[in-house]
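Thanks for making time this morning.

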Amino acid sequence: MASAVTPPSTWYPGSWRDRPAEQQPTWPDEDARKRVEARLAALPPLVFAGEARNLTAALAEVASRRAFLLQAGDCAESFDEFSADQIRDKFKVILQMAAVLTYAAGVPVVKVGRIAGQFAKPRSQPTEIIGSTELEAFRGHMVNDDAFDPEARRPDPERLITAYHQSAATLNLLRAFATGGFADLTQVHAWNQQFVSTSPEGRRYERIAGEIDRALRFMAACGIDLAQEAGLHQVDFWTSHEALILHYEEALTRRDSLSGDWVDGSAHMLWVGERTRRLDGAHVEFLSGILNPVGAKVGPSATPDEVVGLCDALDPHRVPGRLTLITRLGAGRVEELLPPLIDAVNESGHPVVWACDPMHGNTFTSSSGRKTRNFEDIWTEVRGFFRVHRQKGTWPGGVHLELTGDDVTECLGGAEEISEADLDQRYTTTCDPRLNARQALDLAYRITELLRDLPDD
Ligand code: PEP
Ligand code: CO
């Protein structure tokens, strides 16, 4: 099999060190960091080469218009809010959304969590000032703590080890959920959490779940042996995070003994963020050599040339599924900015997956000082993304969302009409505001309509 990635001959897991590396913490004790790197390098990888290749193949189906990508999870996972229930509830809402999309729009859904490793955050400002105190910015629990306290904000490399172990435990549970019966389609009703099931979105979901039940009974009555159909009883669920802290990613990068390819064992898919995607930078260099499928965030400042440059650097061999471009252009600008990017990428011949992140171009601070997003803006960006792809004849391949299974009040609007005054009620995110389960389901129904409206090939 052709390898998805033949790294440039100058590439090795540490070759990023010769490039400018933005958004890296200033570790107070370099020797301590090096000791942690050595310990990480001796720990087992969390994912294997074959899995990463299988995800590339699944994403190739998206690139070929035969599947839809649902990439979703926390903005930042937390060391404090770490429990089986919280992982289960996030998994449930993703399964619900996937069931809605698959059943109502008839497309297979590639399910990728922002989970089991999403612990590091790029920041617009290196420090945070409250009153007359200036402290190092919070960079995610993999680096420091969010409490506004000098000790808490000091980067501590031990946190890289904690992040690894929390990722391992999270992934272990996800694997059990995905293959051990929880994701069985006969459980489709059980994914509806109580606070959702009593809402209009939850009742609508119950109707779809009932139809899925009937479809299964119909197939069984036709003599189809459902027990033999693995696709009904388990799902593929993949992990992803922003590859931000390169010492961590390098330490978990291993050579696949069968192919000789380099795999980043920290997650199935890695992406480069909007703030670190410069072409001559360390992050692009690192991602260019690993065999895992990779993503690149594309914000409003990205020029068509830069985006084609990212494609050339990250997908030189034009492998379908290798590269996902995750546009986050903002509700007001997506229809203006996306068309020239699509034209340039089409012209270049790179078979990318296009995904829409309708979250990061639509963040603002409420009058009470909470970072938030408006559900209507999120929806408007998704709709604009679909409209542009429809005009261009390209496939609107997926969405990239920040959500949680919890009943939070972090994004405004939606059917519950969460207002600025409600934000304080249950605002628990460690970083950016997330859709709650009802808002997430609502968005899934709306996306279903958009998918149904696309012309047949
Ligand atoms: C994120 O995905 O949480 C993020 C920081 O996104 P971006 O790099 O697009 O700003
Ligand atoms: Co975010």
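Let me begin with a term: a polar contact here is a pair of N or O atoms within 3.5 Å, and within protein one atom must be able to donate a hydrogen and the other to accept it, while residues adjacent in sequence count only if both atoms are side-chain atoms. Please keep in mind that this is a predicted model, in which local features need pLDDT of at least 70 and side-chain atom pairs count only at pLDDT 80 or more, whereas totals for chains, interfaces and linings use all residues. Residues are numbered from 1 along each chain as its sequence is written, chains are lettered from A and ligands numbered from 1 in the order in which they are written, and side-chain values use heavy atoms, with hydrogens and water left out.

With that in place, ligand 1 has an oxygen atom 3.1 Å from a side-chain N or O atom of Glu402, an oxygen atom 2.6 Å from a side-chain N or O atom of Arg328, and an oxygen atom 2.8 Å from a backbone N or O atom of Glu274. On its own ligand 1 would expose 300 Å², of which the protein buries 98%, the areas coming from the Shrake-Rupley method with a 1.4 Å probe, where for residues only the protein chains shown count as cover.

Which residues surround ligand 1? Counting a residue as near if one of its heavy atoms lies within 4 Å, the shell consists of Cys75, Arg114, Lys121, Pro122, Gly273, Glu274, Arg275, Lys297, Arg328, His360 and Glu402. By class, the shell holds two nonpolar, two polar and seven charged residues, where Ala, Val, Leu, Ile, Met, Phe, Trp, Tyr, Cys and Pro count as nonpolar, Asp, Glu, Lys and Arg as charged, and the others, Gly among them, as polar.

Now to the space itself. On a 1 Å grid over the protein atoms alone, a cavity is a set of points where a 1.4 Å probe fits but cannot get out, a pocket is an open set with protein on both sides within 12 Å along at least five of seven lines, and lining residues have an atom within 4 Å of a point. Ligand 1 takes up the space of the largest pocket, by the test that more than half of its atoms lie within 2 Å of the grid points. That pocket has a volume of about 850 Å³, and of its 34 lining residues the closest to the centre are Pro122, Arg123, Lys371, Cys431 and Asp432. Its lining divides into eight nonpolar, eleven polar and 15 charged residues.

The second largest pocket, at about 700 Å³, is lined by 28 residues, with Thr102, Lys111, Gly231, Gln234 and Val235 closest to its centre. Here the lining comprises 20 nonpolar, five polar and three charged residues, and α3 contributes the most, with five.

Terms used: Points joined across faces, edges and corners; volume = space filled by probe spheres on them. Helix = DSSP H or I, 4+ residues; strand = E, 2+ residues; numbered from the N terminus.
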